[in-house]
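Student: I would like to learn how to read a structure like this one. Please take me through it feature by feature.

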Amino acid sequence: MLELKNIVFNAENDGKNVGILRDISLTVDDNKFVVITGPNGGGKSTLAKVVAGIIKNNSGQIIFDGEDITEKSITDRARMGIGFAFQQPVRFKGMTVVDLLRIASGKTLSVSEACEYLSEVGLCAKDYINREINASLSGGELKRIEIATVLARDVKLALFDEPEAGIDLWSFNNLIRIFENMRKERNGRSIIVISHQERILNIADEIIVIADGKIVKKGNKDVILPEITGTENAVNICSRIQ
Amino acid sequence: MVQMDAVQKRLFQEVADLHGIPEGAYNLRANGQAISRNTTANIDIQSKSDVSGIDIRIKDGTKNESVHIPVVLSQSGIKENVYNDFYIGEDCNVLIVAGCGIENCGSQDSEHDGIHRFYIGKNSRIKYVEKHYGSGDGSGKRILNPVTEVYMEEGSTMEMEMVQIKGVDSTERTTIAELKENAKLIVRERLMTHGKQQAGSIYKVDLKGDGSSADVVSRSVARDDSYQKLDLCIIGNAACSGHTECDSIIMDNGRILAVPSLEANNIDAALVHEAAIGKIAGEQLIKLMTLGLTEAEAEEQIINGFLK
């Protein structure tokens with residue numbers, strides 16, 4: 001499905017070249033639910049953006065379904081089946097929720113089909129379908145709509161960048177349910193979630209821990225989770241709120 | 001009745017959503033001549049005798065009727081001034097659709113300057129839709145300078161949808177309104193300029209009566225080398241409330257000058273203005289690209305939504 005070979009990304013900071021991703025190699029097989037965790041600033045989000053083409057890696061190779069996509073644009077990668085849910089979803093003045101879901105699905109989505117995606121993310125469809133994606137929506141609502149845009153696409157690989165960031169506890173419980181459902185109904189699709197949350201880590205097949213631009217741990221959930229539980233890499237939602 | 005040709009039909013469709021002859025009262029004007037007119041028991045349309053234009057008289061209590069008065073110019077080099085006056089009775093509820101479409105494939109400028117005056121009776125509700133559209137690839141300019149004057153009696157409501165999305169080279173739009181007690185004005189303007197177009201849009205709303213209110217919102221997009229000046233002014237002369245908003249996107253070398261202004265002459269006047277100009281946010285483009293759109297398609301979707 002996805003293979004990263006020796007990915008390097010450097011960023012300029014105060015005139016210095018700082019290594020954000022330092023030689024990352026990994027493989028995600030078909031039908032896998034992978035959670036990437038690790039301390040803030042360790043390079044997790046950057047890595048996800050490199051896979052989606054939003055950030056261009058300085059060196060290394062990205063292979064998706066056997067094809068080298070390193071030089072491909074965001075659009076090309078999206079059309080090949082890579083989906084990305086942003087940590088901080090953007091707002092669009094004037095555009096409605098159903099407009100965005102139609103763009104996401106790439107077809108003339110009927111209202112009832114659009115409603116199904118909204119119901120899946122726990123939003124009452126009739127209240128939201130014609131809402132503008134503007135400042136009147138809360139962070140939690142935006143986040144769920146963002147996830148619905150990924151569900152509406154027929155993707156082979158779905159990337160979620162800290163889906164729990166900025167949402168309340170009630171929304172978080174819904175979010176867990178969404179990921180549990182996605183895990184059940186994978187149909188060959190792979191899912192990569194960036195998260196610190198123990199409950200999300202708990203439904204992973206594999207866990208990857210990234211710190212300081214490098215992979216420090218990688219393996220089966222049953223092996224990795226006990227090693228990181230109680231650290232900042234696997235927190236309980238309540239302890240984070242406290 | 002003069003037959004419409006294909007170009008005229010297309011222009012009528014663009015400016016008034018007309019696919020044929022509308023229902024209710026109408027006056028269709030093409031290339032400086034009235035080509036078709038219909039009146040109803042409640043709505044009368046008469047040609048003016050002193051200047052070019054029509055008087056539209058709507059009887060008291062007229063409900064759920066519509067008036068269409070679109071104009072199209074398909075010959076190059078036509079210049080016209082047209083005065084249309086609407087005398088609307090009390091307790092009416094009427095839809096008025098105007099608009100002008102110009103197709104100029106020739107080398108001479110075509111210009112239509114429409115002066116619309118609305119006298120709205122007590123407690124009447126009017127919805128006014130005005131669309132302007134230009135097409136044709138001749139070197140002659142397409143020029144529209146509409147003037148709209150709205151005089152509102154006690155308790156009346158006017159909702160104006162003013163749209164100019166495409167093809168008009170030069171426009172100076174002026175709208176003035178005077179509101180008596182408890183009258184309410186709502187304006188939604190949508191403007192897009194491209195190429196080397198110049199557009200000016202001026203609103204001057206005078207809130208004269210206690211309890212009157214105005215909400216004037218302009219959303220605009222300036223692309224290529226076009227220029228827009230948006231001048232939205234509300235004057236509060238009574239215990240009233242007013243809100244103006246200019247929200248604009250600039251692209252390429254587009255330029256916009258937004259001048260929202262407020263004048264409060266009464267201690268109980270509550271007035272607010274907002275103005276924002278900026279380019280399309282990079283994150284918006286990236287989000288839509290991750291959904292499979294190209295950058296150009298993403299821009300188009302963002303603009304479409306913004307001007308909807």
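Student: How many helices and strands does the secondary structure of chain B come to?

Tutor: Bear in mind that this is a predicted model. Chain B has 3 helices and 22 strands. Its radius of gyration is 20 Å, close to the 19 Å that the globule rule gives for 308 residues, so chain B is as compact as a globular protein of that length.

Student: What does the C-alpha trace of chain B span along its principal axes?

Tutor: The spans are about 55 × 55 × 35 Å. As for burial, 44% of the 308 residues of chain B count as buried.

Student: What share of the contacts in chain B with a separation of 6 or more comes from residues 24 or more positions apart?

Tutor: Such pairs account for 81% of those contacts.

Student: Now the interface. How many residues of chain B are in contact with chain A?

Tutor: The size of an interface is often given as the accessible area lost when the parts come together. Here we count residues instead: 18 of chain B are in contact with 19 of chain A. On the chain B side, helix H2 (282–289) and helix H3 (295–306) each supply at least two residues. The largest share, 6 residues, comes from H2(B). By type, the chain B side divides into 9 nonpolar, 6 polar and 3 charged residues.

Student: Which residues of H2(B) are buried, and what do the buried residues pack against?

Tutor: Gln284(B), Leu285(B), Lys287(B), Leu288(B) and Met289(B) are buried. The buried residues of H2(B) pack against H3 of chain B and, in chain A, against helix H2 (74–80), strand S7 (92–96) and helix H3 (97–105).

Student: Which residues have the most contacts inside the largest nonpolar core?

Tutor: That core has 148 residues, and those with the most contacts inside it are Val51(A), Leu101(A), Ala148(A), Leu159(A), Leu185(B) and Val205(B). Take Ala148(A) as a case: leaving aside residues up to four places away in sequence, Ala148(A) touches Leu101(A), Tyr117(A), Leu118(A), Glu120(A) and Val121(A).

Student: Is Glu146(A) buried or exposed?

Tutor: Count the neighbours; 20 or more other C-beta atoms within 10 Å make a residue buried. Glu146(A) has 23, so Glu146(A) is buried. Glu146(A) sits in helix H6 (residues 139–151) of chain A. Not counting residues up to four places away in sequence, Glu146(A) touches Ala85(A), Phe86(A) and Pro89(A).

Student: How far apart are Glu146(A) and Gly15(A)?

Tutor: They are 131 residues apart in sequence and 35 Å apart in space, C-alpha to C-alpha.

Conventions. Residues numbered from 1 in each chain as written. Chains lettered and ligands numbered in written order. Predicted model: local features only at pLDDT ≥ 70, side-chain atom pairs only at ≥ 80, totals over all residues. Helix = DSSP H or I, 4+ residues; strand = E, 2+ residues; numbered from the N terminus. Rg over C-alpha atoms; globule rule 2.2 N^0.38 Å. Buried ≥ 20, exposed ≤ 12 C-beta atoms within 10 Å, placed from the backbone. Contact = placed C-beta atoms within 7 Å. Nonpolar A, V, L, I, M, F, W, Y, C, P; charged D, E, K, R; others polar. Core = buried A, V, L, I, M, F, W, Y, C linked by C-beta atoms within 7 Å.
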